[in-house]
Amino acid sequence: MNERLALLNAVDAVLPETEVLRLALQQAVAELNGLGGVVHVRGSANPQRMYLVAASGLPRTFTRSWDGIADGAPEAPVLAVRKAVTLWLPDPAGPGTGMVSVPLMSRNGPFGALSVVTTAPAEPTAVQRDTLRAVADWAAERLRRAEKPVATPPDQQAVPGAHDVTGAEGAPEALSIPGAPDPRGPGAPDLPSPQNAAERNAAEGQSTPDTPSTPGGPGVEDVSGAQDVLRATRVGSWELHAPTGLLQVDESLLEMFGIDPDTYDGRTETWMSIIHPDDQPWVANEWNQAVSTSGLIDLEYRVRRPDDGSLMWAHVRGRAESDGNGRPYRVVGTAWDSTESGIGRDAIRRALRFMSDGFLSVDGAWRITFVNVEAERLLGSSSRRLVGTVLWELPVVRRVPGLESRCRETAAGTTAIGFDAEWPDTGRWFHIRLVPVPDGLACYFADITDRRQREVDRATAERQAAERATRIQELTAGLAEAITTQDVTDAVAQGVLPPFGASGLIIQVNEDDRMWIVGSVGYPKAFLDKVDGSSTSQRSPGADRLRTRAPWFCASVEEYVRTYPEHAERPDAIGKQAWAFLPLIVSGRAIGVCVIAFDQPHHFTDEEQTLLMAVSGLVSHALERARLYDAEHSRAQQLQRTLLPRALPSLPAVTAAARYLPAGQSMDVGGDWYDVIPVSGCRVALVIGDVMGHGLPEAVTMGRLRTAVRTLTDLELPPDEILNHLNDLISGLGDDSFATCLYAVYDPTSGICTFARAGHPPPAVVGPDGTVSFPASAPDPPLGVAEPPFETVELAVPEDGLLVFYTDGLVESACRDIDAGMSRLAELLGDRPGADLDTLCDALTSDLLPADQQNADDTALLVVRAHRLAPDDVATWSLPDDPQSAGTARKFVGEQLAAWDLEDLAATTELLVSELIANVVRHARGPVRLRLLHSTTLVCEVYDGSPTTPRIRRATETDEGGRGLQMVAALSEHWGTRYTATGKCIWTEQPLVLPETAMPPVPGLDEVA
């Protein structure tokens, strides 16, 4: 409590009543940690109601209902005043949880209440009540002090012309001036006061000076001897009795101001009525300040004479005197007619008042002494309210950056200064000039918004011109480097649209008398689809440019509709309002049209038209080059797409995913390729290669290699022999042809992957646990320079492990060597051993490939998840090398097919096995081994020790043999022979579901025993 009272007692002793209430509310709310507070006082005209005079921290929606409270209402403020006690009521009709009210006490009892809206559910503590009571007593004491003339603030003192205002008790209130603002502020309370000045002083323990009942009575200086002199010199004397507000003037002054002595009543209101309304506020402020400080009075203001209504200037001088206690007692002085000099100053004031620039002047105390109409508008008030106001009390002035500091600096010196500042909340700029004058400071406010805008516009135009020139240079360089039509479109969009403020672009080319769109920016797709391929014979802005070869700069929608009424709906469909249609001409041929569009109407200056025509010439030649490149590149890409697998086969042994990423658009097509080829025995051949170089010849070489690999794979050759044949193929193409290749065969029955490589990076093997390894093998040279034989490597692939094949473009780049790339590849594979293969491919390419593909190599990636054939799906038997083996084999086959629920295939399979074993017994040598594989097909394999390859021959009707292989080919879906390390294997494949058609007859087929 002591701290809060210390803070309150430290404030200015002449604080206005409204500020007293505000400070008291702040301390009270802070003490109770409340939401806010209000102050009510009992009205003097209507003592049956309590009126809201101050509020803090509460929304207007809440306080509106508290503006007036009936005296009998059960509200906390009313009850606190009625009972003269501190009162707390819970659950008010508003925010918070309760309201505590404490009465404001005068000598005659409570005259109001200070209330706080609380947030705590419990009533205030004793300490809080005591603090609240002390704050209320402080506020009441300050309000009582404001009643007494001695403590009245400077802006609330009486002046000549003030009248006697009597309160409800008949006692004189604080002096006020008609036409001036209420010195206590809006909503100030009507405070009870003692019956008269003597009673009030007695209550305060002070003496009361003799107060004359009439001017010139006891206590008033006798000035009658000077009246004749004053009258002769046209100078009048006056005396204001401060306690009563009565103004005594001599006959000279009445005559001078045109007042009838017989009707003059001595009231200040009568005297104030003759002062010009524009001068009343500042005159009141000056007098109040002089009286409160017992200082000198020196004023000159205008007076409207009551007798003839003429306007005159009056110069008034005087001094305020105090009683023994330091309180203002009387003010005496003289006045004279200063019309002759005042008219000249008034003419200057009139000229200043209505000039276009703002102007105001302040005195040494920073009080406004003059303000013109423009300055009134800037300051947001009329001159009646501004004159006499301290400049720094205006909120808008404090918000002007640097104004106060510069004003004080200028007033302290002798040199005028000027600076530019933005006026708050207007968006306008002013040049503020400050000129020191002998009695204060003059301020001029010149609106320079338009001038600044012109300067900004000029600077913007210069900057845009420079930016435009830079963009044109960038456009020239970009078009020179553009290779494809998309490159041309991007270059124009980046180099033309921003500097011209455009938002749309269409580039059309003429092919077969139709306008085809090759690039666009900022146009809706529906519109592009509608106009794409339109005939050049139809009348349209683009077609007309081709025929006339002249540009058209359309500045508005109205001009467009007026020129092409048949296309009046297009501007609304595309949302554009101005266009530049530029023909594209190369070697005298109009190849197309470039359309640049704007969102707003746009007037094309001569400079802009010249630049746009120059741009169209650049675009024409770049577009022609790009179209030639696009045609060649498209053919090469189409060839490359046809040479790569359209889709990877679905095989039981592996699940595969692949990616091919060509080099950047500035590069030709490359020769990277991959393939997945099913081979006999449920095995899979996995191939990846890279023809060195880029271009159409390399793509053709890649196609040859892929075709050769598929042919050699059909011959069931081992990996090293296939690379031997490929090396011969590449060597025969010339000295400049080189290629790398990795050829692998995965066997799902054993989990063994056999591979050979020629100058190609090794595969990555990923285990289910995330372990990654690169099998070590000799780095054979690339195909075309290699010297066979090639090393063959066998590696075991774990169940559901990954085999990752890739070209060097994935792991090697200009910023990373191949070893670092392979290390990063191993990290990525180790983090995702069980990931979806397509997702894994995307993750690898996005991480390993450089962000800028313009200098990157082609990249091929093949990821394979290896699967094992279940042991129960593999059956193997060793058979003797004699004719009885066929019967034994049929028995084994029948039993195994029954176990696999494939009895429907038993008869056919037994016949195939019998024929194959019979061929071995007759034409080859042992040992004989039979193997059945149950997968998506039924595979039957017969192994022997002879390398001789059986061949089908056409037997005549008289031949005894030669029909066995014909029968094998007729009964199986596929059949063939492959070589092994010890001989060969003849195999057949049958679908698991037999076709409904009957088996075709075999000419001369003999029964097999």
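Trainee: What share of the contacts in the protein chain with a separation of 6 or more comes from residues 24 or more positions apart?

Mentor: Contact means heavy atoms within 4.5 Å. In the protein chain, residues 24 or more positions apart supply 59% of the contacts with a separation of 6 or more. This is a predicted model, in which local features need pLDDT of at least 70 and side-chain atom pairs count only at pLDDT 80 or more, while totals for chains, interfaces and linings use all residues. Residues are numbered from 1 along each chain as its sequence is written, and side-chain values use heavy atoms, with hydrogens and water left out.

Trainee: How many helices and strands has the protein chain?

Mentor: Helices (H or I, at least four residues) and strands (E, at least two) are DSSP runs, numbered from the N terminus. The protein chain has 31 helices and 37 strands.

Trainee: In what order do the five strands of the open sheet stand?

Mentor: Strands of a sheet pair through backbone hydrogen bonds, either parallel or antiparallel. Two strands are taken to pair if DSSP finds at least two bridges between them. Here the order is β23-β32-β31-β28-β29, with antiparallel pairing. Because β23 (654-661) and β29 (772-773) each have a single partner strand, they stand at the edges, and one side of each is left without a neighbour in the sheet. Within the sheet, three bridges join β28 (residues 764-766) to β31 (residues 802-806); V766 has L802 as its bridge partner in β31.

Trainee: Which residues of helix α15 are buried?

Mentor: An α-helix has 3.6 residues a turn, so residues three or four places apart point the same way. Buried means under 20% relative accessible area, exposed over 50%, and partly exposed in between (1.4 Å probe, protein chains only). In α15 (residues 403-412), the buried residues are L403, C407 and T410. They lie on the same side of α15 because they cover an arc of only 70° around the axis, the arc being that of the directions from the helix axis to the C-beta atoms. Exposed E409 and A412 are carried by the face turned away from the buried side. The cover over the buried residues includes α14 (395-398) and β14 (417-422).

Trainee: Is H602 buried or exposed?

Mentor: H602 is buried, with a relative accessible area of 17%. The residue is found in the loop between β22 (589-598) and α23 (606-643). Beyond its neighbours within four places in sequence, H602 is in contact with F500, A555, A578 and E608.
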